[in-house]
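Open your viewer and get ready to select residues as we go.

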Amino acid sequence: MKKKRAAALLLSMTVLISLSACAQNEKEPSPPESNANSSSVIGQQSEKLVNYMSQKEKSSVSVGRFSLLDEDESDTSDSPSDKQVVQIDVWDGNDYLEWIRQSDVKSQFKEEQYNNYTMSYKAMINDDIKSIRTVVIDGRRYSGFMPPYNYDGGQMSYSVMQTASSAADSENNDRPEECKFNNFEEFKPWYREYINKDVSDGLMTQEEADQEYNDMLVIFDSVINKTYEVTDIHIDSIDYSATTDAKNNWEFNASEVSEIIDSVKEISVYDEELDTTFIVHVTLPPDFNKSETYPVFVMTDGVWRFGDHPALRKMMKNKETQDVLLVSIGYDFSIDGTDNGIRGEYFCDKKEQFLNFITDNLMPYLGDEYKIDYEHSTLYGHSLGGVFTHYAAFNSDQYANQPFHNYIIGSPAFWSPYFNNNGEYKSEYGYFDRNDRLEKSIYVSGGENEDADYAQYYGENDSTLEGVSNLMERMKTYGISSVECKIYEGSNHYEYIPEMFRTFFLEYYKK
């Protein structure tokens, strides 16, 4: 999960503890059918799936022109634009105390930490101090450093949590470093260097860093000149659909994509249950023949993973692997798919609805368009997406539709604050209470060096690699042999993904 180092004013450190509980959905999934071990040869069409899309959903599907290579018309200069709308939500100590009372924050912290937060909020009340809780710029939530309330461009200070170089070092980072600045002009180059370090550490892309820096300039300018709007925008109720244009956050090599553009279909699919439109990219294999049957490789986090289509298709073109339909699921271009709050919403809070969409809507629709070998098809997810594919694999028996035989659980972030399900994942959601054996193939992956990446977030939870190790131990306890695990040497949280794809395709889709 891409997540930057935490930084905030001492009085607004609580932004870091905004949590999202994984909700249960009331919709009943489609009834299960009896399972059978996959033994078909790639190229043999599997039994068609039942399409459960409503009429509204069916009529909403559209196949449009490929648009990710459109020219970027947005202003990316370092100068703040007076045309951008900045909205802020200002909280005082009473607001924070009320938020604590209505949330489950206390259970997430040691008693001493919780008491310290409570005392700081009471001190805010006594000193009549206010802070900026949330900032939205042109409908897009800002996640960088917040300016002090009523900031005039003069002195300010921030409490900065540095990234631990190792899990063992993370305890030392419990004491944040205080960074002081005489004025805003002094702060700007420091902040530029700070987020550039995040880029070099692989915690954010250069595009994300540029966007955050430019947003910061606009927001600070707005606060200094008091041109912002004050509104009640609590962080858990932001309308993410109001995001103006998140297309610029999609990561891919334009020259590589341009070479395969004639083989890419861009499909807009609306889901009524989630009230969300998804942008699905389907890349056809070389010499595609509609009368032939192909397995499908489905990737979540299309904002990043569509960028892997060219390399995988090249493997097919070079006859290294079987031909496979490549499918990546992204969000409507008005939604920022790189935002972990949004990813947590679909992969955790609404994981059941999202799985319903994939299993009973998207895959049957694709099955109507193409001949699909479901018995060799794969669902992939990484980090929060890996948490989701773990959920999908061990709830697959609840569905009549069986669109996947293989599931890739990449670096599952079971420790993430967005993932809070009372430990159900540790029993694989009761899969082995309902079944005597596992009818699916599971591929678990991780990076050798990734535990240090998010050490400050683990708390009492397992680290990423500990979570992977414990998952494999549980598989051994269940007597499951159809689970493979590979930890990629020298890699951090997501650096190994291209190599993992190549390894997986050479093994599972070998020519």
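A residue is called buried when its relative accessible area is under 20%. With that in mind, select the whole chain of this predicted model. Of its 511 residues, 56% count as buried. Colour by secondary structure and you can look for 15 helices and 18 strands. Now think about contacts between residues at least 6 apart in sequence: 82% of them join residues at least 24 apart.

**Stop 1: an open sheet**

Select β5, β4, β3 and β8. These four strands form an open sheet in the order β5-β4-β3-β8, and their pairing is mixed. At the edges you will find β5 (140–141) and β8 (229–230), each of which pairs on one side only. Next, show helix α5, residues 206–224: this helix packs on the sheet and touches β3, β4 and β5. The direction of α5 makes about 125° with that of β4.

Zoom in on β3 (residues 86–92) and β4 (residues 130–137), which are antiparallel and paired over seven bridges. Which residue of β4 is the bridge partner of Trp 91? Select Ser 131 to see that partner.

**Stop 2: a covered strand**

Move on to β13, residues 325–331. Are the residues of this strand mostly covered or uncovered? Mostly covered: seven of its seven residues are buried. In a regular strand, side chains alternate between the two faces of the sheet. To follow this in β13, show the side chains: Leu 325, Val 327, Ile 329 and Tyr 331 point one way, while Leu 326, Ser 328 and Gly 330 point the other way.

Strand β10 (residues 276–283) pairs with β13 in the antiparallel sense over six bridges, and here Phe 278 has Tyr 331 as its bridge partner. Strand β12 (residues 296–299) runs parallel to β13, joined to it by four bridges. There, Val 298 has Val 327 as its bridge partner.

**Stop 3**

Centre the view on Met 363. Leaving aside neighbours within four places in sequence, Met 363 is in contact with Leu 49, Val 296, Val 298, Ile 358, Tyr 374, Pro 403 and Phe 404.

**Stop 4: two packed helices**

Two packed helices are described by the angle between their axes and the distance between the axes. Select α9 (residues 340–349) and α11 (residues 384–393): they pack at an angle of about 5°, with axes 9 Å apart. This angle makes α9 roughly parallel to α11.

Show the residues where they meet: Asn 340, Arg 343, Gly 344, Phe 347 and Cys 348 from α9, and Leu 384, Gly 385 and Phe 388 from α11. By class, this contact has four nonpolar, three polar and one charged residues.

**Last stop: Asn 420**

Where is Asn 420 placed? Look in the loop between β16 (406–410) and α12 (431–434). With a relative accessible area of 28%, Asn 420 is partly exposed.

Conventions
Residues numbered from 1 in each chain as written. Predicted model: local features only at pLDDT ≥ 70, side-chain atom pairs only at ≥ 80, totals over all residues. Heavy atoms only, no water. Pairing = 2+ DSSP bridges. Helix = DSSP H or I, 4+ residues; strand = E, 2+ residues; numbered from the N terminus. Contact = heavy atoms within 4.5 Å. Axes fitted to C-alpha atoms, helices over the stretch in contact; angles between N-to-C directions. Parallel < 35°, antiparallel > 145°, perpendicular 65-115°, else oblique. Nonpolar A, V, L, I, M, F, W, Y, C, P; charged D, E, K, R; others polar. Buried < 20%, exposed > 50% of the residue type's maximum accessible area, 1.4 Å probe, protein only.
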